[in-house]
Amino acid sequence: MHRRPIRFHWFLLIIPYAWDVLLIPWVNTIRFQPFGMPFLFLWMLCGIIVTSLTIAIIHQIDKRFFSQQSR
Amino acid sequence: MLRYVIAIIIVLGTMIGAWAITRKKNISLQDWAVSGRGLGVFLFWFLSAGEIFTIQAFLGTSGWAYAYGAPGFYTISNVALGYTLGYWLLPKIWRIGKRHSFLTQADYYGKRFEAPWLGSLLAIVGIMALIPYLQLQFTGLSLILKLAFGASVNTALSLTLAGIIMLGFIIAAGLRSVAVASIVKDVLMIVVLLAIVFTIAGAAHLGSIGAIFTRMNQSHPNYAWLPGLAPKLNYTPLWFISTILMTNLGFWLFPQSFQATLAARSDETIRRNAIFQPLYALAYLFTFTIGFAALLVVPHLSNSNDAFLALVGKVYPNWFIGVLAGTGILIALVPGSSLLLTVGTLFANNIYRGVFQPRASDRVVLLVSRLGVVGATVIAIVMSLNSNQTIVGIFQVAYSAISQLAPSLLLSLLWRRMTKWGVLAGVIVGLIGITVPQAIAAEKVIAFTMNTGFVAVILNAVVTVVVSLLTRAPSQEAIEVGLETTPEVALTLSAAVGD
C-alpha cells in the first residue's frame, strides 16, 4: 500500500475553527464596541479574512511540497 | 411602470443572454449536469458564489438581524469554514468523481458501498432536503414580487410565471449557463447592497452608517451579544457554536454543492477557489447592517422575512426598486436553477436509472432529468404558497436534514472499516433525531441549548461507527473508491499540482 507523507502544515486549518468556534464563548463576553458596532459582528467578519489568509498560506506550502515530491 | 420594465429587462436579459452564450448543439448528460467537468477558476468562482448566495443570504440574514440580533452572526462564518473543510474535502471529491465518472453524490455512495440501492436511498434524503431549500427560493421570490408589483398581484400566478421562466432556463441550458447567469446576479447584488448601505442612513433620516449602530445600542441594548433580542429562545454561545458546526458539516452535503464541485476543470481550480470564495461572505456586513436599519425604521413587522424589502420599499425611488426587484428575482432564480438541476439529475440518474431502468441510456436519463425538474418546481411552488414559515426557519430544516449525510461522507473518505449498514443505521438515527424530539417537544431536555440537528449528527456518527464494526467489512475495491490508496492515484495527485 502506498502511503502519502503527512502534511503537517494542514493542521493550520485549525486556525479558522479556533477563531469561529472555540473562542466564541470568550468573544461574547467582550463589551468593547469598535465604531459602535457589535464586537461579535466584527470578530466574525475578521474571521473570513483570517480564513482566506490561512488557506492561501497552506496552498503556497502545498505547491512547494508537491513540486519537491515529484522531483 | 418604470420599475416593471427595469426588473423584467434584468431578469430576461440575464437568463436569455446566459443561455445564448453557452448554447451548444447536442448537449450531453455530462454537459448538462456537470458542465463537462470544464469550468476554470473564473466561472467556477461564480458558479459557487451563485449557489452559496441565495435568497436566504439576501433576505434571510437581514431577517435574522431584524428579529434576533447577534445570534444571526453565525451565518457569517458559514462560507469561510465551509471552505476550510472544503480545502481538504473538495479536491478529493473531484478526483474520485473524475476517476469514476460520477455525476451526483448518490453515484459516489452507490460505488463506495457497493450498493446502488443505498445511493438511491440517500438520493431521496438529498431531494427531501433540496425541496425545502427550493421552497425557500420561491418564498423569497414571492416577497420580492410583492414589493415590485404591489400586494394586489396574484402570488400563485406570479410564482407560476417565475417557475416557468426558471424551467425554460434550466431545461434549455445546463450548469454552465447557471455559472454565466451568476456573473450578472452577483455583480448586481454587490452593487445593490453597496448602494443601499451607503445611502440608507441618509434616505431613512438616521444620520450616518455609524448612527445605525449607535441608535441600536440605545433602543435595543441587547442586540450586540448572545442570546440577542429574544433571550427566551436560548440562543446561547453553546447554540451558536453547535449551529456553526452543524452547518459546517452539512455545507458540502447539499447535493448541488457536491455536484458543482465535479464541474471544476481540475483539483487545483478548486483549491484556488477555496482561497477567494470566502471573501464574498464579507457581503454579510451589508445585509446585517440593512437588517438593523430596518429594525429602526420599520419596527413591528409581523414577519422578519419582510425586513429588508419593507425598508427599501419605504425609502427608495421607483427606478431603484426596479433594479432591486430584478436583482432579487435573479438571486432566487439562479441558485434555484442549480437546485432544480440537481434534483433532476439525482432523480433521473439515481432513482429512475438506479432503481427502475438500470439500462437506460444517457439520453433517456437527460430527458427524465428535465421531466423531474418540472415535478420539483411544481412541488416547491405549492409548498411555498401553503406556508408562512420564515426563510430562516425553512433554511434550518433543510440544513439539519442534509447534515445527517455528513458522518457517512466524511468517514467514508477516512475509515476503511465503514460499511453500508453503518451508513444506513446512522442516517436513520439522524433523521429520527431531527424530527422526534421536536414532535414531543423534548429538545431542550435532550440537547440543553444546543442545536438539535447537531446532537442528531453526533448520535448519527456514533451509530455509524458501532454498526459498521458489527457488520462485515467491505471489499478492498470499494474501500479504494473513497480512500484513494493506490499508488497510481497518488501519482496523478502530485502531477496535477506540481506544475
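Reader: How much of chain B is buried?
Author: Buried residues account for 58% of the 499 residues in chain B. A residue is buried if 20 or more other C-beta atoms lie within 10 Å of its own, exposed if 12 or fewer, and partly exposed in between, with C-beta atoms placed from the backbone.

Reader: Is this an experimental or a predicted model, and how's the numbering done?
Author: This is a predicted model: local features need pLDDT of at least 70, side-chain atom pairs count only at pLDDT 80 or more, and totals for chains, interfaces and linings use all residues. Residues are numbered from 1 along each chain as its sequence is written, while chains are lettered from A and ligands numbered from 1 in the order in which they are written.

Reader: Ok, what secondary structure does chain B have?
Author: Chain B has 24 helices and zero strands. Those are DSSP runs numbered from the N terminus (helices are H or I, at least four residues; strands are E, at least two).

Reader: And what's the radius of gyration of chain B?
Author: Chain B has 22 Å, which agrees with a compact globule, because one with 499 residues would have a radius of gyration near 23 Å. The radius is taken over C-alpha atoms, and the globule rule is 2.2 Å times the number of residues to the power 0.38. Along the principal axes, the C-alpha atoms of chain B fill a box of roughly 70 × 55 × 45 Å.

Reader: New topic: where is Tyr87(B), and is it buried or exposed?
Author: Tyr87(B) sits in helix 5 (residues 76–99) of chain B. Tyr87(B) counts as buried because it has 23 C-beta neighbours inside 10 Å.

Reader: What does Tyr87(B) contact?
Author: Leaving aside neighbours within four places in sequence, Tyr87(B) is in contact with Leu13(A), Ile55(A), Ile58(A), Arg271(B) and Ala274(B). Contact here means that the C-beta atoms of two residues, placed from the backbone, lie within 7 Å.

Reader: Some of those are in chain A! How many residues do the two chains bring to their contact?
Author: 35 residues of chain A are in contact with 39 residues of chain B. On the chain A side, helix 3 of chain A gives the largest share, 18 residues. By class, that side of chain A has 20 nonpolar, eleven polar and four charged residues. Ala, Val, Leu, Ile, Met, Phe, Trp, Tyr, Cys and Pro count as nonpolar, Asp, Glu, Lys and Arg as charged, and the others, Gly among them, as polar.

Reader: Back to helix 5 of chain B. How does it pack with helix 11 of chain B?
Author: Helix 5 of chain B and helix 11 (residues 237–250) of chain B pack at an angle of about 50 degrees, their axes 9 Å apart. That angle is why helix 5 of chain B is oblique to helix 11 of chain B. Axes are lines fitted to C-alpha atoms, for helices over the stretch in contact, and angles run from 0 to 180 degrees between N-to-C directions. Under 35 degrees counts as roughly parallel, over 145 as roughly antiparallel, 65 to 115 as roughly perpendicular and the rest as oblique.

Reader: Which residues make that contact?
Author: From helix 5 of chain B, Ser77(B), Asn78(B), Leu81(B), Gly82(B) and Leu85(B); from helix 11 of chain B, Ile244(B), Thr247(B) and Asn248(B). They divide into three nonpolar, five polar and no charged.

Reader: Last one: which residues of helix 15 of chain B are buried?
Author: In helix 15 (residues 307–315) of chain B, the buried residues are Ala307(B), Phe308(B), Leu309(B), Leu311(B) and Val312(B).
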